[in-house]
Amino acid sequence: MNSIVIKPLITEKSMNEVSQGRYSFIVDKDATKSAIKSAIKAQFNVTVTSIATSVQKGKTQRVGVRRVEVGKSAFKKATVTVKKGEKIGLFEPGGEKEEEKKKESKKK
(Lines give C-alpha, C1' and ligand atoms only; values in the text may rest on other atoms or scores of the structure.)
Protein backbone atom coordinates (compact mmCIF):
# COMPACT_ATOMS: atom_id res chain seq x y z
CA MET A 1 0.00 0.00 0.00
CA ASN A 2 0.92 3.64 0.18
CA SER A 3 3.38 5.11 2.72
CA ILE A 4 0.52 7.15 4.23
CA VAL A 5 -2.06 4.34 4.34
CA ILE A 6 -0.41 1.45 6.18
CA LYS A 7 -3.20 -1.15 6.20
CA PRO A 8 -6.98 -1.53 6.45
CA LEU A 9 -8.40 -1.98 9.94
CA ILE A 10 -10.63 -5.04 9.92
CA THR A 11 -12.68 -5.27 13.13
CA GLU A 12 -16.27 -6.14 13.88
CA LYS A 13 -17.18 -2.48 14.28
CA SER A 14 -15.42 -1.38 11.10
CA MET A 15 -17.12 -4.12 9.08
CA ASN A 16 -20.54 -2.98 10.36
CA GLU A 17 -19.75 0.57 9.20
CA VAL A 18 -18.97 -0.59 5.65
CA SER A 19 -22.70 -0.68 4.88
CA GLN A 20 -22.83 3.05 5.72
CA GLY A 21 -19.89 3.84 3.42
CA ARG A 22 -17.29 4.22 6.21
CA TYR A 23 -13.94 2.45 5.97
CA SER A 24 -11.20 2.33 8.64
CA PHE A 25 -7.45 2.37 7.98
CA ILE A 26 -4.29 2.51 10.05
CA VAL A 27 -2.31 5.47 8.75
CA ASP A 28 1.03 7.16 9.37
CA LYS A 29 1.08 9.11 12.66
CA ASP A 30 2.23 12.31 10.92
CA ALA A 31 -0.36 12.14 8.11
CA THR A 32 -2.83 15.02 7.84
CA LYS A 33 -6.47 14.66 6.81
CA SER A 34 -5.80 16.21 3.39
CA ALA A 35 -2.87 13.83 2.78
CA ILE A 36 -5.01 10.85 3.80
CA LYS A 37 -7.81 12.02 1.52
CA SER A 38 -5.55 12.31 -1.51
CA ALA A 39 -3.90 8.94 -0.81
CA ILE A 40 -7.26 7.14 -0.52
CA LYS A 41 -8.53 8.86 -3.66
CA ALA A 42 -5.44 7.89 -5.66
CA GLN A 43 -5.23 4.34 -4.36
CA PHE A 44 -8.87 3.24 -4.47
CA ASN A 45 -10.33 5.68 -7.04
CA VAL A 46 -13.22 6.84 -4.79
CA THR A 47 -14.56 10.26 -3.76
CA VAL A 48 -13.88 10.94 -0.07
CA THR A 49 -16.56 13.06 1.64
CA SER A 50 -15.20 13.15 5.21
CA ILE A 51 -12.39 11.86 7.41
CA ALA A 52 -12.24 11.29 11.16
CA THR A 53 -8.88 10.56 12.75
CA SER A 54 -7.87 9.40 16.21
CA VAL A 55 -4.61 8.35 17.84
CA GLN A 56 -4.88 5.07 19.73
CA LYS A 57 -2.64 4.96 22.80
CA GLY A 58 -0.05 2.18 23.05
CA LYS A 59 -0.77 -0.47 25.66
CA THR A 60 1.16 -3.17 27.49
CA GLN A 61 0.49 -6.87 27.29
CA ARG A 62 1.84 -9.75 29.39
CA VAL A 63 3.39 -12.48 27.26
CA GLY A 64 5.00 -15.86 27.81
CA VAL A 65 5.58 -18.15 30.78
CA ARG A 66 7.40 -15.47 32.75
CA ARG A 67 4.58 -12.99 32.07
CA VAL A 68 6.96 -10.33 30.73
CA GLU A 69 5.27 -7.04 29.83
CA VAL A 70 5.63 -6.13 26.18
CA GLY A 71 4.56 -2.73 24.87
CA LYS A 72 2.33 -2.32 21.85
CA SER A 73 3.04 0.84 19.90
CA ALA A 74 0.53 3.65 19.40
CA PHE A 75 -1.11 4.09 16.00
CA LYS A 76 -3.31 6.55 14.15
CA LYS A 77 -6.70 5.40 12.87
CA ALA A 78 -8.57 7.13 10.05
CA THR A 79 -12.24 6.48 9.34
CA VAL A 80 -13.02 7.54 5.79
CA THR A 81 -16.53 8.17 4.47
CA VAL A 82 -16.90 7.80 0.71
CA LYS A 83 -19.55 9.16 -1.65
CA LYS A 84 -22.83 7.24 -1.60
CA GLY A 85 -22.81 4.36 -4.06
CA GLU A 86 -19.01 3.98 -4.13
CA LYS A 87 -17.17 1.11 -2.45
CA ILE A 88 -13.64 0.06 -1.56
CA GLY A 89 -13.08 -3.53 -2.66
CA LEU A 90 -10.71 -4.49 0.17
CA PHE A 91 -13.65 -4.65 2.56
CA GLU A 92 -15.82 -6.81 0.29
CA PRO A 93 -15.42 -10.61 0.14
CA GLY A 94 -13.15 -11.29 -2.83
CA GLY A 95 -12.76 -7.55 -3.40
CA GLU A 96 -8.99 -7.52 -3.96
CA LYS A 97 -9.38 -9.70 -7.04
CA GLU A 98 -12.05 -7.38 -8.47
CA GLU A 99 -9.84 -4.31 -8.00
CA GLU A 100 -6.90 -6.04 -9.69
CA LYS A 101 -9.13 -6.88 -12.67
CA LYS A 102 -10.26 -3.24 -12.90
CA LYS A 103 -6.65 -2.00 -12.84
CA GLU A 104 -5.65 -4.51 -15.55
CA SER A 105 -8.56 -3.47 -17.77
CA LYS A 106 -7.62 0.21 -17.41
CA LYS A 107 -4.03 -0.54 -18.49
CA LYS A 108 -5.22 -2.20 -21.72
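A residue is called buried under 20% relative accessible area, exposed over 50%, and partly exposed in between, with a 1.4 Å probe and protein chains only. The model is predicted, so local features need pLDDT of at least 70 and side-chain atom pairs count only at pLDDT 80 or more, whereas totals for chains, interfaces and linings use all residues. Residues are numbered from 1 along each chain as its sequence is written, and side-chain values use heavy atoms, with hydrogens and water left out.

**First stop: two loop residues**

Select Asn-45, in the loop between α2 and β3. Helices (H or I, at least four residues) and strands (E, at least two) are DSSP runs, numbered from the N terminus. Asn-45 has a relative accessible area of 55% and is therefore exposed. Its phi is near 55°, a positive value in a residue other than glycine.

Next, select Arg-67, in the loop between β4 (60–63) and β5 (68–71). Arg-67 is not a glycine, yet its phi is positive, at about 55°. With a relative accessible area of 48%, Arg-67 counts as partly exposed.

**Second stop: the sheet**

Display the open sheet of 4 strands, whose order is β1-β2-β6-β3 with antiparallel pairing. Two strands pair if DSSP finds at least two bridges between them. At the edges are β1 (5–8) and β3 (48–56), each of which pairs on one side only. On average, neighbouring strands of this sheet are turned by 30° against each other, direction ignored.

Contact means heavy atoms within 4.5 Å.

Select residues 22–27, strand β2, which runs antiparallel to β1 and is joined to it by 3 bridges. Lys-7 has Ile-26 as its bridge partner, and Val-5 has Val-27. Because 5 of its 6 residues are buried, β2 is largely enclosed by the rest of the structure.

**Last stop: Thr-79**

Between β2 and β6 there are 6 bridges, and the two strands run antiparallel. Which residue of β6 stands opposite Ser-24? Select Thr-79, the residue opposite Ser-24. Thr-79 is buried, at 15% relative accessibility. Leaving aside residues up to four places away in sequence, Thr-79 touches Glu-17, Arg-22, Tyr-23, Ser-24, Ser-50, Ile-51 and Ala-52.

Technical notes. Axes are lines fitted to C-alpha atoms, for helices over the stretch in contact, and angles run from 0 to 180 degrees between N-to-C directions.
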